Amino acid sequence: MRWSQLFIPTLREDPADATAASHKLLVRAGYVRQLAAGVYSYLYLGQRTALKIIQIIREEMDRIGQEFYLPALHPAELWQETGRWEQFGETMFKLKDRGGRDLCLGVTHEEVMTDIARSEIRSYRQLPQIWYQIQVKFRDEPRPKSGLMRLRQFIMKDSYSFDLDEAGLDVSYRKHHDAYCRIFDRCGLRYNVVEAHSGAMGGAMSHEFMVVSPAGEDFIVTCAYCLYAANLEKARAGVAPVEDVPGDRKPEVFPTPNVRTIDELAAFTGLKPDRLMKSLAYVIAPADPKGQPQMVLALLRGDHQLNEAKLGEALGGAAWRPALAGEIRDAFGAEPGFIGPLGVRNVRILLDTSLKGRTNLVTGANRNDHHVRHVTPEEDFTGEYADLRTVVSGDPCGQCRRPLTVSSAIEVGHIFKLGRRYAESMGLRVLDAQGREVIPIMGSYGIGVERILTAAAELYHDEDGLRLPRAIAPFDVTLTPVNLDEPPLRAAAEQLYRELEHARLQVLYDDRDERPGVKFKDADLIGVPYRITLGTQKVAQGLVEIFERSTRRKADVRIPEAVSVLRSRYCG
RNA sequence: CGGGGCGUGGCUCAGCCUGGCUAGAGCGCUCGGUUCGGGACCGAGAGGUCGUGGGUUCAAAUCCCACCGCCCCGACCA
């Protein structure tokens, strides 16, 4: 394509409202423009790159499944059937048609896919199925952010598997795992596959595909030695042992005026926080509206942080919230800051596993301005052990004891073993080989197209601009004559342009009447992997220069060989 | 939703605190000329409801109130 006829609005300066590198560069390079918070237009370059990403996804998904295209506009009834009309709440864009009927824009498509399956699939012989689509999703996020990182409208490849049994689901899940690896490999991403928290979706297993980046919003825990990898929400680790001073004395209450926090208590007692026991109070709403809320006391080592996802899991997925000060006073007889496990009644006590075997700890006395020392779990009080703490960098790996690393990461894909929740609630049934009616088991799987672009931009850029992997760059090569007023240069450029196109390379021919510096800066900014530069001197000697964007290496080649040299780079 | 910031030509910003000449700069854009291997230079131009509405005032980009939009931190995130 001839640059002079294209719309590639590059910017010299960073847009004022961007902070993430990918956001700044995608706007500066003319890939995207913002329309509203979390809503972006793809311009020419952005669309070319998006289409390449989508094509890679499509090719790999076609190896394992069938492409559909579902509506984005859904009737409310479908979502009310599964209870997710309420569950998604304000995250869902809801609207009414002219007849006053409730509609919404799809946040995901389990309901629509399951609706198709239940009305068409009757027999186990029709299973398994893997259906996918590449389509727009709408989520009214409370806080869109970082350009294309978190959008309110975005393109997702989502797929759904239907299998007769768990073994079948394992196969479908595995196929997706492998397809996702091929997709992200082909897109040039470096990523980790991590065990993920299944969240309110339920389900037995889920994995996330994570690109480590400081711009990421998630945290993952990885072990460089045994390859353990998990989302921080889910990650487990060992703990370095703590030397307790053996104490055979009985618990002893002592005054601690105005000492509420762990830091204050450590300073007051002169003990390290790992000798203290942190008491956090939560309540579970009763299943029965007339019932009493259940008070929960979570106990952690003073220097540890509670992991809310793990607490939720320990409570069996029940809805919970931090206890209010009044509720704490009623249940413990003391203000927050002075509560503890001793002598409490009707309180469910959860101890983090790192407290197992510890002795002689200090914790709240359930009496204002007092704590209690010489407390030993299991001797002085009892409770259930659960993994509650948030892993931090340096914790010993639960598998190999080597130190773990916590990194921020961008979630580019997520695969879920869904189970039978949707099939069950929506009445999907098939007959098995014995003629019995059974409920198929489902999986759901997602890839965020913009996330791939964002992650690539975060991963591959420098101070001059983007340097996208070849597979997703908008062009293969830019062709840059430094001055088109010189007939020999123009002739050589036009000739090369034809040859490159003939060789099926995607070439961006910079035939603009711009000075060389402008052309070089723009070419660097938009991140095309190679540039062929035609300069007066070199062309007079029959040479052109091939410049590799990612390494900044330059090499002179003879003009007749330029195309084949470049082709070999792409093929080899 | 809580906290913070911002809103002035296409872009990046100054001006606002302390109200008052015709609202400025750089970049970009148009025309003419020179220039041409890393965002050139000279000359001449075009382009602005100062986010919106209301209020105070002789007078509002500037002060006050309300609203809207965008960004950041937090909460949230199948």
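## A sheet built on S19

Let's start with an open sheet of three strands, ordered S13-S19-S18 with antiparallel pairing. Strands here are DSSP runs of E with at least two residues, helices are runs of H or I with at least four, and both are numbered from the N terminus. Two strands count as paired if DSSP finds at least two bridges between them. Strand S13 (252-255) and strand S18 (361-364) sit at the edges with a single partner strand each, so one side of each has no neighbour in the sheet. From one strand to the next, the twist averages 30 degrees; axes are lines fitted to C-alpha atoms (for helices, over the stretch in contact), and angles between N-to-C directions run from 0 to 180 degrees.

S13 and strand S19 (residues 370-375) pair in the antiparallel sense over four bridges. In S19, His370 is the bridge partner of Pro255.

A word on the model: it is predicted, so local features need pLDDT of at least 70 and side-chain atom pairs count only at pLDDT 80 or more, while totals for chains, interfaces and linings use all residues. Residues are numbered from 1 along each chain as its sequence is written, with chains lettered from A and ligands numbered from 1 in the order in which they are written.

## Another three-stranded sheet

There's also an open sheet with the order S4-S6-S5, again with antiparallel pairing. At its edges stand strand S4 (73-75) and strand S5 (94-96); each has a single partner strand, so one side of each is left without a neighbour in the sheet. Neighbouring strands of this sheet are turned by 40 degrees against each other on average, direction ignored.

S5 pairs with strand S6 (residues 102-105) in the antiparallel sense over three bridges. Look for Cys104 in S6: it is the bridge partner of Lys94.

## Zooming out

Chain A has 15 helices and 31 strands. Its C-alpha atoms fill a box of roughly 95 × 65 × 45 Å along the principal axes. Residues are in contact if their C-beta atoms, placed from the backbone, lie within 7 Å. Among contacts in chain A between residues at least 6 apart in sequence, 72% join residues at least 24 apart.

## Nonpolar cores

A nonpolar core is a set of buried Ala, Val, Leu, Ile, Met, Phe, Trp, Tyr and Cys residues joined through C-beta atoms within 7 Å. The largest has 104 residues, and Leu189, Val412 and Ala456 touch the most other members. Apart from it lies another core of 27 residues, including Met277 and Leu361.

## Helix H2

Buried residues in H2 include Leu45, Ile53 and Met61.

## Thr478

Thr478 lies in strand S27 (residues 477-481). Is Thr478 buried or exposed? Thr478 is buried, because 24 other C-beta atoms lie within 10 Å. Leaving aside neighbours within four places in sequence, its contacts include Leu508 and Val528. Thr478 and Ile532 are 54 residues apart along the chain, yet their C-alpha atoms are separated by 6.2 Å.

Terms used. Contact = placed C-beta atoms within 7 Å. Buried ≥ 20, exposed ≤ 12 C-beta atoms within 10 Å, placed from the backbone.
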